[in-house]
Amino acid sequence: MAKGLLVTYALWAVGGPAGLHHLYLGRDSHALLWMLTLGGGGLGWLWEFWKLPSFVAQANRAQGQRQSPRGVTPPLSPIRFAAQVIVGIYFGLVALISLSSMVNFYIVALPLAVGLGVLLVAAVGNQTSDFKNTLVAAFLTSPIFYGRPIAILPISVAASITAQKHRRYKALVVSEPFSVRLYRLGLAYLAFTGPLAYSALCNTAATLSYVAETLGSFLNWFSFFPLLGRLMEFVLLLPYRIWRLLMGDTGFNSSYFQEWEKLYEFVHSFQDEKCQLAYQVLGLSEGATNEEIHRSYRELVKVWHPDHNLDQTEEAQRHFLEIQAAYEVLSQPRKPRGSRR
């Protein structure tokens with residue numbers, strides 16, 4: 001049955017961020033992507049307004065015979081590549097919040113989550129990519145940045161480059177019943193949101209801590225680029241500012257965004273607390289120079305190295321890890337306290 005443009009626009013307007021129009025057109029990968037990202041943060045949903053006629057035409061051409069050109073490589077798309085990197089980072093951040101307590105998280109769960117995010121974008125429309133090679137690139141990159149949240153970025157970039165290198169058109173696809181497609185999408189949605197919901201409901205305090213640390217690490221990625229850092233902070237506060245512009249101070253006082261801004265403030269207070277604890281671990285006063293931090297770190301590492309404390313291995317291991325973590329925190333570029341808002 002031919003797909004109608006008016007029906008597509010109606011579904012786009014009513015349930016666009018949930019991907020209803022893509023589900024109607026048989027674009028299941030795109031529908032799942034919109035379900036998990038709420039229409040690409042709303043921006044992708046709005047941008048699609050001009051693309052819907054081409055989506056409908058492609059869906060009507062694909063009915064019956066859906067064989068793509070053989071031996072033809074799809075053109076390189078910078079937009080698709082950027083989307084793969086962004087969605088890979090997004091999947092990695094969600095995994096970091098909900099699954100970071102798993103054993104070997106940085107070796108198994110993190111590269112798997114990032115790789116699946118990249119592959120989901122690669123499968124949008126009439127294109128796809130090589131599943132095995134993309135995941136192999138993610139798993140090979142992960143150990144290089146083991147134990148660091150910043151690993152999400154290089155893993156996503158490596159997987160996206162590999163996915164672009166092995167891009168191809170989809171082969172012949174047999175039409176499936178709507179119930180089967182919906183069942184598959186439901187399972188994928190639950191697999192993504194289930195661990196996050198469980199962490200939020202059953203381990204709220206730890207989840208809030210993970211969110212704060214993850215967002216703090218995300219903002220720290222831009223420490224070397226102050227303009228980008230300020231831009232990201234502006235983006236994080238944009239929903240709150242729009243709400244205040246529309247509703248005024250009265251609406252804000254009883255709104256959800258008050259709690260939302262408290263979380264934003266907690267992210268920075270959490271980072272400040274980490275710095276204070278790091279100074280205590282290294283036996284330094286706040287504001288110590290980089291040279292003093294490095295010197296204290298080297299001295300304490302020698303004292304508490306497990307190989308030098310065979311009679312108290314467990315205690316030495318604990319102190320050694322604390323010292324390394326404190327040095328990593330204080331080695332990052334630090335902003336003045338008053339410059340964050």
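Arg295 is partly exposed because its relative accessible area is 36%; in this description, buried means under 20% relative accessible area, exposed over 50%, and partly exposed in between, with a 1.4 Å probe and protein chains only. The structure is a predicted model, in which local features need pLDDT of at least 70 and side-chain atom pairs count only at pLDDT 80 or more, while totals for chains, interfaces and linings use all residues. Residues are numbered from 1 along each chain as its sequence is written, and side-chain values use heavy atoms, with hydrogens and water left out.

Confidence is the next topic. The predictor's confidence in each residue is given as pLDDT, from 0 to 100. The chain has a mean pLDDT of 78, and 72% of its residues reach 70 or more. In residues 249-257, pLDDT stays under 50, and the model has 13 contacts beyond four places in sequence for them; a contact means heavy atoms within 4.5 Å. Residues 335-341 likewise stay under 50 in pLDDT, and for them the model has 13 contacts beyond four places in sequence.

Arg295 leads on to the salt bridges. A salt bridge is a side-chain nitrogen of Lys or Arg within 4 Å of a carboxyl oxygen of Asp or Glu, and by this rule the count comes to 3. Arg295 forms one of them with Glu291, the closest N and O atoms being 3.9 Å apart. Because Glu291 and Arg295 are 4 residues apart in helix α14, about one helical turn separates them. Helices (H or I, at least four residues) and strands (E, at least two) are DSSP runs, numbered from the N terminus. Glu291 has a relative accessibility of 59% and therefore counts as exposed.

Another salt bridge joins the side chains of Glu322 and Arg318, at 3.5 Å from N to O. These two residues are 4 residues apart in helix α15, so they too are separated by about one helical turn. Glu322 counts as partly exposed because its relative accessibility is 33%, and Arg318 is partly exposed with a relative accessible area of 44%.

A further salt bridge is formed by Arg181 with Asp28, whose closest N and O atoms lie 2.7 Å apart. Not counting residues up to four places away in sequence, Arg181 touches Leu23, Gly26, Asp28 and Glu176.

Helix α3 also holds His30. With a relative accessibility of 8%, His30 counts as buried. The side chain of His30 makes a polar contact with the side chain of Arg27 at 3.0 Å; a polar contact is a pair of N or O atoms within 3.5 Å, where within protein one must be able to donate a hydrogen and the other to accept it, and residues adjacent in sequence count only if both atoms are side-chain atoms. Leaving aside neighbours within four places in sequence, His30 is in contact with His22, Glu48, Phe55 and Val124.

Leu38 is likewise found in helix α3. Although Leu38 is not a glycine, it has a positive phi of about 55°. Its relative accessibility is 58%, so Leu38 counts as exposed.

Val108 has its place in helix α7 (residues 105-122), and it counts as partly exposed because its relative accessibility is 41%.

The last stop is His305, in the loop between α14 (290-304) and α15 (313-331). At 25% relative accessibility, His305 counts as partly exposed. The C-alpha atoms of His305 and His319 are separated by 8.5 Å, the two residues being 14 residues apart along the chain.
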